[in-house]
Amino acid sequence: MDYLDQIIHGDCEEVLTQLPDNCVDLIFTSPPYADQRKNTYGGIHPDDYVDWFMPKARQFYRVLKSTGTFVLNIKERVVKGERHTYVIELILAMRREGWLWTEEFMWHKKNSYPGKWPNRFRDNWERLIQFNKKRKFNMYQESVMVPVGDWAKTRLANLSDTDQIRDESNVGSGFGKNVSNWVGRDLVYPNNVLHLATECANRNHSAAFPTDLPRWFIKLFTEVGDTVLDPFVGSGTTALVAAELGRHYIGIDLMADYVDLSRERLAGIQIALPIAAEPTAEYDVCEAQEERTE
Ligand SMILES: C[S@@+](CC[C@H](N)C(=O)[O-])C[C@H]1O[C@@H](n2cnc3c(N)ncnc32)[C@H](O)[C@@H]1O
């Protein structure tokens with residue numbers, strides 16, 4: 001099957017059976033949320049969500065390289081006045097099948113408007129849950145470094161004695177920090193909260209995420225020439241960004257209209273040549289502010 005740099009129409013659970021083992025470097029996706037989009041592409045009852053998802057996750061596991069990463073954008077909905085537990089149950093089910101729940105990122109939606117609910121506030125963030133097959137996976141942290149910020153002007157101007165040496169954590173976590181390492185640095189590593197506006201442009205898809213969301217994770221977990229899979233590709237956002245960054249893409253969607261939309265968005269987009277995709281970083285890789293000693 002010709003699957004590289006294709007948007008494929010079908011159920012990802014079936015389509016993926018035709019792909020070889022270990023052929024994908026990053027799976028980045030936002031599946032249908034439980035019971036959410038009944039009028040567009042069918043809701044899955046929250047109680048059935050784990051059973052619906054796990055056969056697909058088995059295929060994800062098979063096609064993902066051992067050095068690869070799976071990032072799942074999901075949020076539990078409110079059912080009868082409380083948060084449903086299907087995301088928590090899904091994480092536990094994934095772990096039972098061998099996935100490592102490595103990390104969790106938060107997407108803070110910067111552009112939401114105020115609202116009033118009787119017993120809660122505006123839901124203003126979503127989860128991005130990171131799963132891996134192994135503890136050692138590919139991660140290119142320098143590709144997502146951010147400007148050091150104003151804190152450095154004051155905090156780094158007056159270093160204490162402790163700031164000048166490696167300060168081991170006193171809870172025995174194996175972490176430590178040497179604040180003086182950051183003097184003179186323009187760039188630092190980001191944290192695990194992404195502040196991004198939701199997608200406002202009309203993409204003819206009710207749940208498109210902003211291009212900066214897959215962009216950040218594709219840069220973090222892949223290199224030019226690697227392969228990115230979005231098994232619920234919708235309007236093609238992940239595939240589009242992957243191509244722009246010089247990565248191969250595989251997009252799958254159940255709905256013919258979304259497949260057409262994705263193909264339209266990708267028409268004429270060439271996979272960026274390595275040299276044009278990302279300039280080589282000119283800054284040194286410095287010791288992480290908090291680094292594990294194990
Ligand atoms: C939340 S949307 C993805 C939106 C996408 N991130 C974007 O930016 O446009 C989920 C998509 O999953 C698709 N879908 C639902 N079940 C599927 C399945 N079993 N296999 C493949 N795609 C499926 C839906 O048609 C929908 O387009």
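This is a predicted model: local features need pLDDT of at least 70, side-chain atom pairs count only at pLDDT 80 or more; totals for chains, interfaces and linings use all residues.
Let me start where two helices touch: Pro-214, Arg-215 and Ile-218 of helix H6 meet Thr-237, Thr-238, Val-241 and Ala-242 of helix H7. Sorted by class, the residues in this contact of H6 with H7 are four nonpolar, two polar and one charged.

Staying with H6 for a moment, how many of its 10 residues are buried? The helix, which runs over residues 212-221, is mostly covered, with eight of the 10 buried. The buried residues of H6 are Leu-213, Pro-214, Arg-215, Trp-216, Phe-217, Ile-218, Leu-220 and Phe-221, and you will notice that Pro-214, Arg-215 and Ile-218, which I named at the contact with H7, are on that list. What covers these buried residues includes H7 itself, together with strand S2 (24-29), strand S3 (64-74), strand S6 (100-109), strand S12 (193-196) and strand S13 (227-230).

From H7 we can move on to its other neighbour in this talk, helix H8. The axes of H7 (residues 237-244) and H8 (residues 256-266) come within 9 Å and cross at roughly 20°, which makes H7 roughly parallel to H8. H7 passes H8 in a right-handed crossing, and the contact is made by Ala-239, Leu-240 and Ala-243 on the H7 side and by Ser-262, Arg-265 and Leu-266 on the H8 side. By class, this contact of H7 with H8 has four nonpolar residues, one polar and one charged.

A further helix pair is H3 (residues 49-63) with H4 (residues 86-96), which pack at about 35° with their axes 10 Å apart; here too the crossing, as H3 passes H4, is right-handed. Tyr-49, Val-50, Phe-53, Met-54 and Ala-57 of H3 make the contact with Tyr-86, Glu-89, Leu-90, Ala-93 and Met-94 of H4. Nine of the residues in that contact are nonpolar, none is polar and one is charged.

Let me turn to the ligand. Which residues are the closest to it? Of the 21 residues that surround the ligand, the closest are Ala-208, Phe-232, Gly-234, Ser-235 and Thr-237, and Thr-237 is also one of the H7 residues that meet H6. The elements that give two or more residues to this shell are helix H1 (12-15) and strand S14 (248-253). The shell as a whole divides into 13 nonpolar, five polar and three charged residues.

Because 18 other C-beta atoms lie within 10 Å, Asn-178 is partly exposed. Asn-178 and Ile-165 are 13 residues apart in sequence, while their C-alpha atoms are 5.5 Å apart in space.

Note on methods. Residues are numbered from 1 along each chain as its sequence is written. A residue is near a molecule or strand if its C-beta atom, placed from the backbone, lies within 6 Å of it. Helices (H or I, at least four residues) and strands (E, at least two) are DSSP runs, numbered from the N terminus. Ala, Val, Leu, Ile, Met, Phe, Trp, Tyr, Cys and Pro count as nonpolar, Asp, Glu, Lys and Arg as charged, and the others, Gly among them, as polar. Axes are lines fitted to C-alpha atoms, for helices over the stretch in contact, and angles run from 0 to 180 degrees between N-to-C directions. Angles under 35 degrees count as roughly parallel, over 145 as roughly antiparallel, 65 to 115 as roughly perpendicular and the rest as oblique. A crossing is left-handed if the near helix is turned anticlockwise from the far one by less than a right angle, and right-handed if clockwise. Two residues are in contact if their C-beta atoms, placed from the backbone, lie within 7 Å. A residue is buried if 20 or more other C-beta atoms lie within 10 Å of its own, exposed if 12 or fewer, and partly exposed in between; C-beta atoms are placed from the backbone.
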